[in-house]
Amino acid sequence: MITLKVKRQEEENVWYQEYEVEDRPGMTILEALFYAQEKLDPSLTFRYACRGAVCGSCGMLINRIPRLACKMQISEMRKEPTNEGNLEVLITNKKTEIDNSVILIEPLPNLRVIRDLVVDMEPFYSLLEDIKPWLEMKENVPEKENLMDRDTQVKIEQYTNCILCALCHGSCPVAAKDKQYYGPAALAKAWRFYLDPREKEESKQERLAIVDSESGVWGCDTVYKCVAVCPKKVAPTLAINELRGRIEDKKEKREK
């Protein structure tokens, strides 16, 4: 048996509730939550979709680390402390020699809780939309394939792998104190479109101007938490540093 200690919330009422789950080999945190919901408490609320670490819907704090519930094995979580009482959002956890029978599960930070483990993703999507995350093609589009060299394709692919799970946003200390900060996911997306050779230059420069602020690339504290928690190995901080470099280059050219 494993005990899920889940942070519950309904309007202003907040409490922790424990569920004794009959675990089995290969069981994930998401499957354990299903067990609790279906057999113990149908009022337990959480979000999910694909169950295969593709949709990004089941992001939550597991032992104080932002993670996808569908990706985390109960067997692995048994080897970790819960870090209960630690208010910091962590990015790594030490392993224990003795199996731990309790797993702490809480909603993703930096977003308003709607109920239990379900957070309001609308502010996250709104910040993403502000940086215009779509391709605006150059006027002279080839009649057939719009080819791209392999090296550029590899660079872009790292950022197209983002599944918008908001784990990076939940781990970000700047997003915790500044609700206007675009956040790691949106800024990484801005770099993805800047890299794309099919994008027209005017749109690239417009997007640079959008992120050239304290709510944009200059607000980042470069602590790399977003890089550590990303389940798809996207590197938002590296993208932010690259955008900073392009903005500085642009300013230097103006001054000459």
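**Charges, strands and rings**

Modeller: Arginine 192 lies over the face of phenylalanine 193, at 4.2 Å from the ring centre. A charge counts as over a ring if NZ of Lys or CZ of Arg is within 6 Å of the ring centre and within 35 degrees of the ring normal. This is a predicted model, where local features need pLDDT of at least 70, side-chain atom pairs need 80 or more, and totals for chains, interfaces and linings use all residues. Numbering starts from 1 along each chain as its sequence is written, and side-chain values use heavy atoms, without hydrogens or water.

Lysine 5 lies over the face of tyrosine 16, 5.7 Å from the ring centre. Its bridge partner in E5 is leucine 104. Strands E1 (residues 2–10) and E5 (residues 102–106) pair in parallel over four bridges. Pairing takes at least two DSSP bridges. Strands (E, at least two residues) and helices (H or I, at least four) are DSSP runs, numbered from the N terminus. E1 also pairs with E2 (residues 13–21), antiparallel, over nine bridges. There, arginine 8 stands opposite tryptophan 15. Seven of the nine E1 residues are buried: under 20% relative accessible area, with exposed over 50% and partly exposed in between (1.4 Å probe, protein chains only).

Now the ring pairs. Rings of Phe, Tyr and Trp (its six-membered ring) pair if their centres lie within 6.5 Å; planes under 30 degrees apart are stacked, over 60 edge-to-face, the rest tilted. This rule gives five aromatic pairs. Phenylalanine 34 and phenylalanine 46 have centres 5.4 Å apart and planes at 75 degrees, so they are edge-to-face. Both are buried. Phe34, Phe46 and Tyr48 form one aromatic cluster.
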